[in-house]
Amino acid sequence: MYIMHWSFKTGFHEKAARKFLATGAPLPAMKSWQRFHAPGSIEGWILVETDNPGDLYEHAAEWAEYLDWEVTPVFTDEQAGPLIAKVYT
């Protein structure tokens, strides 16, 4: 699972908003995803489940003209617990 954090590049809010409204910014290759917008929609997050990180790359590249991206792999408690247990047990 990954969190994709996006923020508008200076001067590109209107162009990106128009593209989003026209296309819905689909993520069809992903197993599942949820998109979250901060108030004012100048930044947001997409929680993505995929087995192929290349899908993330492709989506970020599609929007790179308008958005800055930070992509972080994330784990649920159930996934993280056994991993941290390897370190401390």
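**Close-up 1. Aromatic pairs in the predicted model.** In this predicted model, the count of aromatic pairs, taken with ring centres within 6.5 Å, comes to 3. One of them joins F12 and Y66, whose ring centres are 6.1 Å apart and whose planes meet at 65°, so that the pair is edge-to-face. Because F12 belongs to the loop between β1 (2-8) and α1 (13-23), while Y66 belongs to the loop between α2 (53-63) and β4 (67-73), the contact ties together parts that lie 54 residues apart in sequence.

**Close-up 2. Surroundings of the F12 and Y66 rings.** With a relative accessible area of 23%, F12 is partly exposed, whereas Y66, at 13%, is buried. Ring pairs link these two residues with W63 into a cluster of F12, W63 and Y66.

**Close-up 3. The face of W63.** K19 lies over the face of the W63 ring, at 4.5 Å from the ring centre, and W63 is itself a member of the aromatic cluster with F12 and Y66.

**Close-up 4. The largest pocket and its lining.** The largest pocket holds about 210 Å³ of space and is lined by 16 residues, among which W6, F8, F20, H37 and W63 lie nearest its centre. Two or more lining residues come from each of β1, α1, β2 (32-37), α2 and β4, and α1 gives the most, with 5 residues. By residue class, the lining of this pocket divides into 11 nonpolar, 4 polar and 1 charged.

Conventions:
Residues numbered from 1 in each chain as written. Predicted model: local features only at pLDDT ≥ 70, side-chain atom pairs only at ≥ 80, totals over all residues. Heavy atoms only, no water. Phe/Tyr/Trp six-rings, centres within 6.5 Å; stacked < 30°, edge-to-face > 60°. Helix = DSSP H or I, 4+ residues; strand = E, 2+ residues; numbered from the N terminus. Buried < 20%, exposed > 50% of the residue type's maximum accessible area, 1.4 Å probe, protein only. Lys NZ or Arg CZ within 6 Å of the ring centre and 35° of its normal. 1 Å grid on protein atoms, 1.4 Å probe; cavity = no way out; pocket = protein on both sides within 12 Å on 5 of 7 lines; lining within 4 Å. Points joined across faces, edges and corners; volume = space filled by probe spheres on them. Nonpolar A, V, L, I, M, F, W, Y, C, P; charged D, E, K, R; others polar.
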